[in-house]
Amino acid sequence: MLSTLRIRQIGVIDDAMLEFGPGFTALTGETGAGKTMIVTGLSMLLGDRLDRGRTRGSSTVDGTLALTGHDELAASLDELGAEEDDGEVLVVRRVTRDGRSRAQIGGVPVPIGTLARLVGTAVTVHGQSDQQRLRDPDAQRDALDRFAGTEIRPLLERHRELWRERSAMTERLAEIDTLLAERDRRGTALREALERIESTDPQPGEDAALRVELERLGNAEELRGAANQAALALIGDDDGPAAGPLLDVAGEALGRAARTDTTLEPLVERLDAMRIELSDVAAELSRYADDIDASPGRLEEANGRLHELTVLVRDLGALLPDTDGPAEDITALLETSRSAAIDLDRFDGAEQERAAAAARLDSLQGELDEAAAALTTARTTAATELSEAVQEELRHLEMPDADIRVEVSAQAHRSHGCDAVAILLAPHPGADHLPVSQAASGGELSRVMLALEVALSASRNDRSAAPVFVFDEIDAGIGGRAALAVGHRLARLARHAQVIVVTHLPQVAAHAGTHLQIVKSSSDGSTSSTVETLDRPGRIRELARMLAGDDASDVALAHAEELLDEASTVTSGTSGTSGASGASGASGASGAPGTDGASLASEGRG
C-alpha cells in the first residue's frame, strides 16, 4: 500500500504531505486547488512524464510504499539492492528545471523504465483516458485469469511449462538438424582426414625436429671438421700442443708440491676433475664427428619425411582449423584433429537423437493442445461468471440496461494458450456489443472500470498483497443515485485494495475512511495549495461546501452530516467498520468483512 506521498513544486502545490489510510481515501478541494496535481505526482512515481507547463522549476515526488504481501516486488527490490525501513521503501522521482529526470528506489538510482515496471506492479492509476485494463487484450486476459485463479492458475502453469519445454525441444531439434547438415557437408571429409593422419602417424613437434636435423646434415663436412679440430685441441697429437697434455704437466707439478704443502690438495683434485671432463668432451666430439654421416641415406630419408608432413599440414590445415585459423604445423594439426574426432562422435549419434527429439516434440504438441483446450474451457466458464459479476455491479452503479460480455475467442497459440479475451459492452438494449472503450461514454467507462475492479477484487483472498488503485474523477459525468452507488462500490473495492479517489462529488467523498482536502490560498498575487487531513467536523464542512458551495449554511451542514451518517451506515454494512470517523478511523472501509462482504465474495469467485 501507499503510506505517504510528498509533492514539491508541481502546479500550485509548493510542498504538501499526504498520509493515506489503508482503505478508501478521498481527495477533495475547490476547483483549481490542485487535485489533479496529486494524480500528476502519483503518475510521476509510475514513470510518467511531467508536463513542463505544470511546474515553475525543479519538481520532486517522494512516495513511501509498504511491501507487505508484495513478495515479487520485494524480491526485485532486494536484487536491486534497495534499502527498506520497517517493510517500507522510499520511491523518489525528481524532474530538474531543465527537464532532466532522476529516480531512486530505496536509495538506488534506477532508469525511469525500471521505476515504471517495479512500482507499476503495486500502483494503478485510472483516469478518464487511461482505463488500460479495458483497452489492452493481454490485460483483459490476465484479469480473467486472476478472477478464476484457483481453477486457471494450475492449468496456466502447466501450459507454460509445456510451452517452455516445447520451445527448448524445437531449438534442440534445429541444432541437431544443423549438425546433420554439417555432417553431410563435412563428415566424410573429416573422417578421411583423420584416417590420413592416423596412417601418417605424425608425432608432436616432429616437423620442427626434422628441420633441425636437416640443417645439421646439410652442413656435415663443416661440423665434422670443427668437432675434430676441437678434439685435437683438447687431447692433441704428435704434431702440436694441446690442453690435455698441458693439464697433465700442471697436475704432476702441483701434486709434487702438495706432498710438501697439503693446502694445495684441493687444487690438485680440481685439476684431476678438469682432466677427466676434458677427456670426456674430447671423446664425445670424436663420436659426433664419426656419427654425423654414419648413415649416407639419412639426408634423403629426413627430407622425404618432412615433405610428407608438410603436405599433410597444407592439405588438412584449412579443413581442421584452430581458433587462429588453419593449422600451421603438426602439433597444431594434431590438436585440432582431436576436436574433429569429437565432432564425428556427435555426428554418429545425431540421427538417433533427432528421432528421439522429434518424437518428444510430437508428444509435447499433443500435450500442449490438450492443456490449451483445458484453459479455453476454464476461461469460457470464468468469462460467464465474470460477466455476471460485473453485470451485477453495473446494476448497483445505475447502469441496469447495460449488458456486459466477456468474450473468449481463438487466436494463434502463445505461451498463455490459444485464447483472446475481450470485454464487450452494449450500453442499452438493442445496441451492438463493442469493446468497452468504444461503446461507453466517459462516465459509463469509469463505472464499467469500477465494476470490473470490484468484481475482480472480490476474488482476491490476500488483503496484504492488495494493489493500490488511484481513480482520477471516476465520478465525472454522473450524479444523484449513480454518485451514491459509485461511492458505495468504491468502499466495497477498498475491502480488498487501497483506493485513492480524486472526486468533486460529496456522495462519493462521504464513503471514504480517510478524507484529505486540498486547500488553496493566495498571497501577494500568487496561489499555493496544501493538504489537510480532515476530522469529522472538518469533513462535514467540506461536504457542505461540495453540496451547496457554502460551508457555513446550517442547512448545508445538516445535509452534509446526514449524508456522512448515511454513508457510514452503508459502509459499515460492507466492511463492519464505520467509514465516517475521518482521520481517527483511517481503516475506514477496509475493516473486517461483514455479511455484505461475504455476499460480494460469492458474486465473484472468492
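How much space lies in the largest cavity? About 50 Å³. The model is predicted, and the count comes to 1 cavity of 30 Å³ or more.

Leu2, Leu42, Leu45, Leu46, Gly63, Leu65, Val91, Val119 and Val123 line the largest cavity. By class, 8 of these lining residues are nonpolar, 1 is polar and none is charged. Gly63 is in the lining, and glycine counts as polar under the scheme used here. Two elements, helix H1 (35-45) and strand E4 (59-66), each supply at least two residues of this lining.

Now step back to the whole chain. It has 606 residues, and 46% of them count as buried. Its secondary structure comes to 18 helices and 15 strands. Take the contacts with a separation of 6 or more: residues 24 or more positions apart account for 68% of them.

Helix H9 covers residues 265-291, which makes 27 residues. From its first C-alpha to its last, H9 reaches 39 Å, close to the 39 Å expected at 1.5 Å a residue. The buried residues of H9 are Val268, Leu271, Leu278, Ala282 and Ala289. What covers them? The cover includes helix H7 (220-235) and helix H8 (243-260).

Met274 also lies in helix H9. Met274 and Gly244 are 30 residues apart along the chain, yet their C-alpha atoms are separated by 9.3 Å.

Helix H10 (residues 298-316) passes the length check too. Its 19 residues should span 27 Å at 1.5 Å a residue, and its end C-alpha atoms are 27 Å apart, so the two values agree. Buried in H10 are Ala302, Arg305, Leu306, Leu309, Val311, Leu312, Val313 and Leu316. A charged residue, Arg305, is thus among the buried residues of H10.

The loops deserve a look as well. Which residues other than glycine have a positive phi there? One of them is Asp86, with a phi of about 55°. Asp86 sits in the loop between helix H2 (71-80) and strand E5 (88-95). Asp86 counts as exposed because its relative accessibility is 78%, and the cut-off for that class is over 50%.

Asp201 is another residue other than glycine with a positive phi, near 55°. Its loop runs between helix H5 (149-200) and helix H6 (206-218). At 47% relative accessibility, Asp201 counts as partly exposed.

Gln203 is found in the loop between H5 and H6. With a relative accessibility of 40%, Gln203 counts as partly exposed. What does Gln203 touch, not counting residues up to four places away in sequence? Ile330 and Leu334. Gln203 and Ile330 are 127 residues apart in sequence, but 7.4 Å apart in space, C-alpha to C-alpha.

Definitions and conventions
Residues are numbered from 1 along each chain as its sequence is written. This is a predicted model: local features need pLDDT of at least 70, side-chain atom pairs count only at pLDDT 80 or more; totals for chains, interfaces and linings use all residues. Side-chain values use heavy atoms; hydrogens and water are left out. Helices (H or I, at least four residues) and strands (E, at least two) are DSSP runs, numbered from the N terminus. The expected span of a helix is 1.5 Å times one less than its number of residues. Buried means under 20% relative accessible area, exposed over 50%, partly exposed in between (1.4 Å probe, protein chains only). Contact means heavy atoms within 4.5 Å. On a 1 Å grid over the protein atoms alone, a cavity is a set of points where a 1.4 Å probe fits but cannot get out, and a pocket is an open set with protein on both sides within 12 Å along at least five of seven lines; lining residues have an atom within 4 Å of a point. Grid points are joined across faces, edges and corners, and a volume is the space filled by probe spheres set on the points.
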